[in-house]
Amino acid sequence: MSALSDQLVTFAILAYLVAMICHAVEYALGNARTRVVAATPARELVGAGVGGSGGGTTGTDAGADAPADRPAGAKLPARPSGRARLAGRIAVVATVVAALLHLAGLVTRGIAADRMPWGNMYEFVLTVSFIGVAGWLAVLWKRPSLRRLGLFLTLVMVLLLATAELVLYVPVVPLVPALNSYWFVIHVSTVVFASGLFLLGAVPAVTYLMRAGYERGKRSFPYTLAKRMPAAESLERLTFVLHAFAFPVFTFAVIAGAIWAEASWGRPWGWDPKETWSFISWVIYAGYLHARATPSVKRNVATWIAVLGFLTMLMNLFGVNIFFEGLHSYGGLD
């Protein structure tokens, strides 16, 4: 089962890569081809004169297919490229296939270990990334207009899973004795779920910052990367909804961890490195939601706070497990 899990995760990475390439094709071919109305003289009717030799009515028909009320040089709305739409649909299908392979890899890993697959950094990253992509598919089901955001989401999936396979991978091993508790399921499941939503929320947050800059006239890198992304307002709204949903779950996870610590170590809080960084993340995400609800705070300022919050989550996952020693040192790396 362990070998099967490894193969399924490898195929999932390849499927995410295919989805990312298809999204990139959609992005490249989806540039709006605007049609410009040529300047045309106004239609002129000439009546037949008494002594006229023409004996009829003449008129100029140049540009007759242009709407009469549209000024010269105006841009007509572009029609989406058929190839771009096809590439986008293939990208979505590939993402669904990748997510199913991803889930199968997690399930077979859990069967091989005879426990929930959350016992080390490798398994944690696999689960968090799956929650992120499952959330993305749910968002895409409700709001297909956000499909082009899948380019950045699948890029994140490829990078995370490749890092997990190449750097974080460890063979299936029994659970650390300290984790053999029903609190393991309660605490870690909520941490995983909230982290997956924060991961998903970070993608529209970063994209919003680029898109908002582009809409304000910035044409330098990295703002041009968001040229064909959804409108900034839609991205900012999605960022808020995801964080507003994830934050209460993360709060419960922190509280559940404190209860578990009291039962296991005789104290609810000891400023262990992971506890400290969890508290920092919680404060920053609370600050984001407060800033987002404050009318005087600009949207881009609030979004930067959300991005900072996700950076602290990455620090808690990678930095604390790799560079610090503590009671939560269950990363599995040598």
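Notes on the model. I am working with a predicted model, in which local features need pLDDT of at least 70 and side-chain atom pairs count only at pLDDT 80 or more, while totals for chains, interfaces and linings use all residues. Residues are numbered from 1 along each chain as its sequence is written, and side-chain values use heavy atoms, with hydrogens and water left out.

Entry on salt bridges. I searched the whole structure and found seven salt bridges, a salt bridge being a side-chain nitrogen of Lys or Arg within 4 Å of a carboxyl oxygen of Asp or Glu. I noted that Arg299 pairs with Glu236, with the closest N and O atoms 3.7 Å apart. That pair links distant parts of the chain, Arg299 being in helix H8 and Glu236 in helix H6, 63 residues apart; helices here are DSSP runs of H or I with at least four residues, and strands are runs of E with at least two, numbered from the N terminus.

I then found Glu236 in a salt bridge with Arg292, where the closest N and O atoms are 2.5 Å apart. This pair also links distant parts of the chain, from helix H6 (residues 232–265) to helix H7 (residues 273–292), 56 residues apart. Glu236 counts as buried at 6% relative accessibility, and Arg292 counts as buried at 11%.

I next turned to Glu123 and Arg109, whose closest N and O atoms are 2.8 Å apart in their salt bridge. Glu123 lies in helix H3 and Arg109 in helix H2, so the pair ties together parts that are 14 residues apart in sequence. Both residues, Glu123 and Arg109, are buried.

Entry on helix H4. I checked the length of H4 (residues 150–168): its 19 residues should span 27 Å at 1.5 Å a residue, and the end C-alpha atoms are 25 Å apart, which agrees; the expected span is 1.5 Å times one less than the number of residues. Among the buried residues of H4 I listed Gly150, Phe152, Met157, Ala164 and Glu165.

Entry on the record. I read in the unreviewed UniProt entry that residues 6–25 and 301–324 are among those listed as "transmembrane region". In the model, residues 6–25 are 100% helix and 0% strand, with end C-alpha atoms 29 Å apart.

Notes:
Buried means under 20% relative accessible area, exposed over 50%, partly exposed in between (1.4 Å probe, protein chains only). UniProt positions are given in the numbering used here, feature names are shortened, and annotations may be inferred rather than shown by experiment.
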